Amino acid sequence: MARDRSAMESAELTAVLDALGDADARAIIRGLEEPMTASEISDTCDIPLSTTYRKLDLLTDAALLSEGTQIRADGHHATTYEVAFDEVRIALNDERDFDVAVGRPEQTPDERLADIWSRVRRET
């Protein structure tokens, strides 16, 4: 059981470090002052759209971005992305293992509902 937990923590640390170690991913984080679609992020950060999608996957897999849904009157809803953390701490614990802690801002009820909707949409 301890080995499984250590492997999960190692995977989380690796995902966060990989995401933050990528220059395009950092540019996306800096450019996301409000929720944006992939196309808007691509334009704002001057990153090709295909690269933007790969970096968005990298950042969402590391739980550094959250996905939302922009409801449109024409029925063609769009996925939006926003920064999902306000700090990342990496520390060496007593067992000499690295711990990663991602600080997240408090969510409003509307934001929590949007997160639930996004998760349901991904699984269906």
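A: Lys55 and Asp22 are both buried (under 20% relative accessible area with a 1.4 Å probe and protein chains only; over 50% is exposed, and values in between are partly exposed). The model is a predicted one, so local features are used only at pLDDT of at least 70 and side-chain atom pairs only at 80 or more, while totals for chains, interfaces and linings take in all residues. Numbering starts from 1 along each chain as its sequence is written, and side-chain values rest on heavy atoms, without hydrogens or water.

The two side chains form a salt bridge, with N and O 2.7 Å apart (a Lys or Arg side-chain nitrogen within 4 Å of an Asp or Glu carboxyl oxygen). Lys55 belongs to helix α4, residues 49–61, and Asp22 to the loop between α1 (2–20) and α2, so the bridge ties together parts of the chain 33 residues apart in sequence. Helices (H or I, at least four residues) and strands (E, at least two) are DSSP runs counted from the N terminus.

Within α2, the buried residues are Ala25, Ala27, Ile28, Ile29 and Gly31.

Gly31 is also one of the contacts of Met36 outside four places in sequence; the others are Ile41, Thr44, Thr79, Thr80 and Tyr81 (contact means heavy atoms within 4.5 Å). Met36 sits in strand β1, residues 36–37, and is buried at 13% relative accessible area. Its C-alpha atom is 9.3 Å from that of Gly68, which is 32 residues away along the chain.

Helix α3, residues 38–45, contains Ser42. Ser42 is buried, with a relative accessible area of 9%. A polar atom of its side chain lies 3.4 Å from the backbone nitrogen of Leu49, and Leu49 falls within the span of α4, the helix that carries Lys55. Beyond four places in sequence, Ser42 touches Ile47, Pro48, Leu49 and Thr52.

Asp46 lies in the loop between α3 and α4. At 70% relative accessibility, Asp46 is exposed, and its phi is positive, near 55 degrees, although it is a residue other than glycine. Most residues other than glycine have a negative phi. Ala63, in the loop between α4 and β2 (65–70), also has a positive phi, about 60 degrees. Ala63 counts as partly exposed at 31%.

The structure holds two salt bridges. Besides the pair of Lys55 and Asp22, Glu87 bridges to Arg89, with their closest N and O atoms 3.4 Å apart. Side chains of opposite charge can pair when their charged atoms come close. Strand β4 covers residues 87–92 and includes Leu92, which is partly exposed at 42% relative accessibility.

As for the chain as a whole, it has five helices and five strands, in the order α-α-β-α-α-β-β-β-β-α from the N terminus. Its C-alpha atoms fill a box of roughly 55 × 30 × 25 Å along the principal axes. Of the 124 residues, 32% are buried. Among contacts with a separation of 6 or more, 45% join residues 24 or more positions apart.

Where pLDDT is low, the predicted coordinates should not be read in detail.

Definitions and conventions:
Polar contact = N/O pair within 3.5 Å; in protein donor to acceptor, adjacent residues only side chain to side chain.
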